[in-house]
Amino acid sequence: MNTEKSWTFWTVFSSTFLTIFLAEMGDKTQLATLLISAESQSPWIVFAGAATALISTSLLGVLIGYWLARRLSPKTLDLFVALLLLFITGLLINDIIS
Amino acid sequence: MDWQLFGLSFVTVFLAEIGDKSQIAAIALGGSSNSPRAVFFGSITALILASFLGVIAGGSIAQILPTKVLKAIAAIGFALMALRLLWPDLEEN
């Protein structure tokens with residue numbers, strides 16, 4: 001039971017990590033961070049500011065998802081989540097083409 | 001500590017990320033997963049590492065890494081997760 005639970009944690013952790021990391025490479029947040037740090041010459045303060053912002057937006061995202069999950073039926077939720085994931089796929093394809 | 005610079009970075013990145021695909025991904029994965037905490041930690045690790053690379057690599061990152069290829073892999077990953085939710089039976093066969 002315990003090992004099964006931790007396995008789930010690391011599976012969810014690594015799949016979330018991989019997809020979001022790959023999606024963010026060369027994205028506007030990364031570009032903004034490097035532009036500000038190049039101009040300011042204090043890269044660590046810029047990094048701290050960016051990291052705090054990313055933690056806040058992720059926390060908000062997960063909380064919204066958790067809140068929605070408790071209000072929708074499992075079937076509706078699956079459909080809704082699938083549509084969101086396809087929407088992200090579309091955004092990524094748009095990034096690749098442009 | 002230069003709080004003005006800290007604030008500028010925070011506000012810029014915060015506004016850029018609100019409603020962006022990584023936050024949408026956090027909403028989708030956080031809602032569908034039975035472990036929202038794992039989604040949160042996976043998400044912030046990825047985002048922090050990506051912005052860390054942005055800071056240390058400066059403008060050269062796009063030249064070093066084939067970002068379009070990485071994005072394409074991510075797109076396939078998200079599409080597969082969506083298909084698995086729409087047709088859960090496929091996994092059993």
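Analyst: A crossing is called right-handed if the near helix is turned clockwise from the far one by less than a right angle, and left-handed if anticlockwise. The model considered here is predicted, so local features need pLDDT of at least 70 and side-chain atom pairs pLDDT 80 or more, while totals for chains, interfaces and linings use all residues. Residues are numbered from 1 along each chain as its sequence is written, chains are lettered from A and ligands numbered from 1 in the order written, and side-chain values use heavy atoms, without hydrogens and water.

User: At what angle do the axes of H3(A) and H1(B) cross?

Analyst: Two packed helices are described by the angle and the distance between their axes. Helices are DSSP runs (H or I, at least four residues; strands are E, at least two), numbered from the N terminus. Axes are lines fitted to C-alpha atoms, for helices over the stretch in contact, with angles from 0 to 180 degrees between N-to-C directions. Here the axes of H3(A), residues 43–69, and H1(B) cross at roughly 35° and come within 7 Å. The crossing of H3(A) and H1(B) is right-handed. Contact means heavy atoms within 4.5 Å; among the residues making it are Ala53(A) and Leu60(A) of H3(A) and Phe10(B) and Phe14(B) of H1(B).

User: Which residues of H4(A) are buried?

Analyst: Buried means under 20% relative accessible area, exposed over 50%, and partly exposed in between (1.4 Å probe, protein chains only). In H4(A), the buried residues include Leu77(A), Val81(A), Leu84(A), Leu85(A), Ile88(A) and Leu92(A). By contrast, Asp95(A), in helix H4 of chain A, is partly exposed because its relative accessible area is 26%.

User: Which residues touch the most other members of the largest nonpolar core?

Analyst: A nonpolar core is a set of buried Ala, Val, Leu, Ile, Met, Phe, Trp, Tyr and Cys residues joined through side-chain atoms within 4.5 Å. The largest has 41 residues, of which Phe21(A), Leu85(A), Ile88(A), Leu92(A) and Phe78(B) touch the most other members. H1(A) gives the most to this core, with 8 residues. Beyond its neighbours within four places in sequence, Leu85(A) is in contact with residues of chain B, including Phe78(B) and Met81(B).

User: Is Asp20(B) buried or exposed?

Analyst: Asp20(B) counts as buried because its relative accessible area is 10%. Asp20(B) is found in the loop between H1 (3–17) and H2 (21–32) of chain B. Leaving aside neighbours within four places in sequence, Asp20(B) is in contact with Glu24(A), Asp27(A) and Lys28(A). Asp27(A) is also touched by Asp95(A), although Asp95(A) and Asp27(A) are 68 residues apart in sequence; their C-alpha atoms are 8.7 Å apart.
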